[in-house]
Amino acid sequence: MDCLIIQEGFPLLSFLIFFPLAGALVLLFFSDEKFARRWTLGVTLLEAAFSLPLITGFDTTTVKFQFAEAHQWIPQWNINYILGVDGISILLVLLSTLIMPFCVLASWRYIKTRVTPFMFCMLIMQVSMVGLFVALDFVLFWVFWEFMLIPMYLLIAVWGGPRKEYASIKFFIYTLAGSVFLLVAIIALYLKNGSFFIPDMMWQQYSTPFQVWVFLAFFLAFAIKVPMFPVHTWLPAAHVEAPTAGSVILASVLLKMGTYGMLRFCLPITPEATFMLAPYILWLSIAGIIYGGFTALAQHDMKKLVAYSSVGHMGFVTLGIFILNSRGIEGAIIQMINHGVTTGALFLCVGMIYERTHSRELRLATGVGKYMPWYVTFLAFFALSSFGFPGTNSFIGEFLVLAGTFEVNKPLALAAIPGTVLAAAYMLRMLQKIVWGGTDNPDQSHLTDLNMREIVTLAPFLLFVFWIGLGPQPFLDMIHTSVNHLLTQLHGIDGATVAATLLR
Amino acid sequence: MAILPELALLTGALAFFALSLSKHLDDNQVRNTAVFFGVVTFLCALISVHQESTSFAGCYQVDLFSQFFKLMISLGLVFALIGGQDLKGIDKAVRPEYYMFLFLSCLGLMSLVSAVELITLFVSLELSSFALYLMIPMRDDRTGTREQMEAGIKYILFGVLATGVMLYGMSYIFGLTGTTYLQEIVPGLKKIVSQPAAFFAVVMVLAGFFYKLALFPMHFWVPDVYEGAANETTGFIATVPKLGAVALLIRFVIMVPGDVRIIVDLMTVLALCSMFYGNLIALVQTDVKRMLGYSGIAHAGFILFGLLTLKSNGYATAMYYISGYVFMNLACYTVLSHVSEKGENLSIKDLNGLHKRQPMMALLLALGLFALAGIPPMVGFMGEFLLLTEVLKEGPRFLIPVILAAINAGIAIYYYLSVIKAAYTEDADERPGVAVNTLTKVAGAALMVIIVLMGAFPARIIAYADTAVKTIM
């Protein structure tokens, strides 16, 4: 347990987990719709405010887990309640706390039926998102990992579009089935170590076949969540049917759980297997990038377009992770945040159009630039950010990932380049159609521009687009130490195995 | 003092016998009496939880183990009584008798968990079963198809067959060891365990218990009986008697010496068959009770998983799991009994739009089903997870069974989800609202709290079950 810096005094992380839960329980008793909206906004805002001390108190020089809390939970099996954040998780925790108030704002008018249960689900969702990123005990992690399916399922199944039932069940079963083996792997690791404490499982001398099996179990679960090509098929369905807030949460936070899992578990727990299987995963990532790009290019549904672009963008993240050098991994983490910001914002934009035209068809939303200047301004910036235009956030992430890839494997990096070009193609195509359209635009004169609430919802996203795009150093500083530590350990193991093979 | 809960049940049964003689019966009065006696029994079980004694010439043992189960049985009884308080499916004229048999059945189960001698055990088992045999045909014959008769006959025929097999096995045990006291049977069996006769005897007796637990291949009665019995009766049959079955199984499996691999292997195979059979067939069910029946078969497989470790931890986890299972299922049956308007069977479609018709019941149903599906932090997940951990601890040869069991958890989610989907996403159309009184609301809330808290904080209850099971090992 010496890798924890125990938080004295106020248990900040526990508070962040259970405060929304308390807020949700209040909604069980006061079910007025107006109250529910305001209450949820208040709770998520407070939650966001309370997560800010994580930034100010975060020590960027240590590799230990900070703000840690450790309590006994089920002593018979050595299961404990252990929380903590390090450089790998800190930004993701912040992303999930900061994005929620805007999801609530985006659902202000969009959700018209069963408002209180919706808000209840949102708060429950928040509980599991924060909990998942700060859990340092595998059972605790698993609890949040699975529990999250319930609110997300309900968000899609109850407030979703026409094919909501198909999409929600597909989402649920895909994710659950994928993580079945993860559970067995967790138990197997526990039996080797006698504890579910995640850092205890890292950097142990497991036999190679054991590592490979565990790695595959991990990878299947996380790859479905990311989602990597070819197990991505649940994503477009879920995204298209989910309500705006659901899409934003799904894109911004849930997908990151997969890549977070790879960084947190695959690399440190099964390093040998990682080295062995990384080449295949890298090419799988390339396949995802290219495939996502081409499919996005062919979409007529704006939400589907953004959803497929997610497959491509997340391909960059997995590419960065499994290239296994510091540029790659740092780029991947930054890209995780970027994707959360940019794609989240794009889903919000699509939702705003949908609220006005009640359609997500690209051809029915053409030529709105004239009537919605504010809207298209925002949209333009987010679209530019999405294909990695210099000066925006995605440029930093993709550049780091590609630079890291070039260091190691040039053909691989060259293969990823078309992905960025495709991204520009599909995003500019969408932008062109929405802003100008052609000569046969439908009559859009009834459209009203964004109101204050919507501008407030989008503005912070834009802020982060430029902040990360122009001054990424503070963000990189936060993750740098942990990533370096991870890589030193990883390559130490690699060196040791190489030496062992040579000596034999 | 030691047999206080049994006495309370007996008093309850006698009171209903007296009530059944009266000509002018008030429905509310009968119902309230039943709930009253249920609560009294629970309180008695609570008071006598730390009692220890041996009585009736050493046949009847009150220890921590038996008291744990009595506590759970009485708590299950209370929830079953409240959940099915309207007895919509039972003719008004026979309701006092119905309750009388219900209490007698519970009495049988309570003495069953205390029985440490074969004859006592057999008599208790029959007492609990025969009361149930009579309760099933008491359902109103509204449809005219007399399906409750079919169910009753099926239950009794299969039951008697299973009893016969078990009795035959018991006679072997007596013949081999010369005693009917479990305490003396254990060392006696250990000496001759390598003989096929001993194996044969143990397997035959286990078969009888498997019938009660509805484990493959002794599960044939489940779907038809569940469907044919009134919703309230099914709610009871599906839950409380399983506690007795698990208690018995533990008492018997403890007799199996650790080095008998063939029995462990047999149990592993049966457990896996149960899971696959139950889950795969449940996928295509449209009747909610049938679906829950098949899901029960699958869950019985999971419970057997805990027993085949032959260790106190495994037994304790199985006890925890079955207790949780009882509450999860009672949550579902409470909803079914209330949604069913006149006591008819419900198909999944009948639950459409439940969230609008009765939000509290919809929430209870969703929570119960998610718990059955093994979604954390509910009790179903914790039980499943700890059982798998315990089994895998036994060695790498259990890796494949554990993986297969985990896959089953994945299969099961589909049919549970389809019910939740009906309750939460479909439109209610013309379906009427569901009336729920305060008592049910309180009980429903209590069930939800139990399901979540048991799952989130399993340490104390498992530690308690562990101490309990160690007292009889």
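This is a predicted model: local features need pLDDT of at least 70, side-chain atom pairs count only at pLDDT 80 or more; totals for chains, interfaces and linings use all residues.
In what order do the strands of the open sheet in chain A lie? The views below start there.

View 1. Residues are numbered from 1 along each chain as its sequence is written, while chains are lettered from A and ligands numbered from 1 in the order in which they are written. The order of the 3 strands is β1-β2-β3, with mixed pairing; strands (E, at least two residues) are DSSP runs numbered from the N terminus, and two of them pair if DSSP finds at least two bridges between them. β1 (4-6) and β3 (79-85) of chain A are at the edges with a single partner strand each, so one side of each has no neighbour in the sheet.

**View 2. Strands β2 and β3 of chain A.** Here β2 (residues 65-74) runs antiparallel to β3(A), and 6 bridges join the two. Look for Glu69(A), which has Leu83(A) of β3(A) opposite.

**View 3. Where chain B meets chain A.** In this view, 26 residues of chain B are in contact with 29 residues of chain A (C-beta atoms, placed from the backbone, within 7 Å). α18(B) gives the most to the chain B side, with 12 residues; helices are DSSP runs of H or I, at least four residues. By class, that side has 21 nonpolar (Ala, Val, Leu, Ile, Met, Phe, Trp, Tyr, Cys and Pro), 2 charged (Asp, Glu, Lys and Arg) and 3 polar residues (the others, Gly among them).

Technical notes
Two residues are in contact if their C-beta atoms, placed from the backbone, lie within 7 Å.
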